[in-house]
Amino acid sequence: MVVYLLVVGQTLLALALAPGLVGFVRWLKARLQNRRGAPIVQPYYELRKLFGKDVVISNNASWLFRFAPYIVFGSTVAVTLLIPLIFAPLPFDSVGDLLVVVYLLLLGTFFLALAGLDPGTAFGGMGASREMTVAAIAEPTIALAIFGVALGAGSTNLGRIVIQTLADPAAAVRPGHILAFAALFIVTLAETGRLPIDNPATHLELTMIHEAMILEYSGRYLALIEWAASLKLLIFFTLLANLFAPWGVAVALTPTALVVALGALVAKLAVLGIAVAVIETRVAKLRLFRVPELLGLSFVLALLAVTSSFLLR
């Protein structure tokens, strides 16, 4: 019973930390660009404001438009029940592994694209088309990258991968792990709408991908989608941190181990946030037709990771 309460607490922790992670990246980018920037807690203020606003819905929108934000948010929250955030193994390891995580993430992307198409606006359709183009390459890459690590652990179970890497620290510096990390990092930028794939701060409709799909949303619907987007960033950062460098993850459910695991998680998220902020201040957005080339590179890296892990295990 205690383990299940810890899983619920882990999910609540992810929900609480996710907006702060986005705020940290924004604040750091502003400082690197010699701007003062908004405070780190600004995303929390924005969510509170959106939840208090009325919803405006297009006359052309169907039930799908109203239903999609809950599917996007719910599927993203469900992923937090299956990933080793602060401790491993998890009680839901027997019902959810790598493939379940990938398909839950794809489920949210699919419904968000449908919601972009539903009102019949030009920008929503354009954003949905672009999002599915990115997802068609990014989602298989996620599975391949993590599968490259799973070969060494002998299991597609995420908790098992963490335990195995902790038992064999040398695995973290093997070519398969390094290639898989590089592939998953590129996909993280694509799946979370970061530069050079997408610009989360843009207001130019012709260059939007994620933002174009949610232009028609307002109020609590927009709040749920924005919260899910920040939670998705935290999920990908956690996969990068805890699958490839799991040190600090609690394997014993003691108060000391859990506190150390929480501190280690925050430190890893901060390091990855700094890396993303530095990249976004040093590179420009790619042209849309160059995006598949970068994602194709990530797919090749993931494929090489699987090949390397298979040959060197």
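Threonine 76 touches Ala228, Leu231, Lys232 and Ile235, leaving aside residues up to four places away in sequence. Contact here means heavy atoms within 4.5 Å. Threonine 76 sits in helix H3, residues 63–80. Helices are DSSP runs of H or I, at least four residues, numbered from the N terminus. Threonine 76 is buried, at 7% relative accessible area. Buried means under 20%, with a 1.4 Å probe and protein chains only.

A word on the source. This is a predicted model, where local features need pLDDT of at least 70, side-chain atom pairs count only at pLDDT 80 or more, and totals for chains, interfaces and linings use all residues. Residues are numbered from 1 along each chain as its sequence is written, and side-chain values use heavy atoms, with hydrogens and water left out.

Next, H7 and H9. Helix H7 (residues 175–191) packs on helix H9 (residues 219–244) at about 175 degrees, axes 10 Å apart. So H7 is roughly antiparallel to H9, a term for angles over 145 degrees. Axes are lines fitted to C-alpha atoms over the stretch in contact, and angles run from 0 to 180 degrees between N-to-C directions. H7 contributes residues including Phe181, Leu184 and Phe185. From H9 come, among them, Lys232, Phe236 and Leu240.

Now H6, residues 158–167. Its buried residues are Leu158, Gly159, Ile161, Val162 and Thr165. They cover an arc of only 160 degrees around the axis, so they lie on the same side of H6. The arc is taken from the directions from the helix axis to the C-beta atoms. What do the buried residues of H6 pack against? Helix H4 (98–117), helix H5 (122–153), H7 and H9.

How values were computed:
Helix = DSSP H or I, 4+ residues; strand = E, 2+ residues; numbered from the N terminus. Parallel < 35°, antiparallel > 145°, perpendicular 65-115°, else oblique. Buried < 20%, exposed > 50% of the residue type's maximum accessible area, 1.4 Å probe, protein only.
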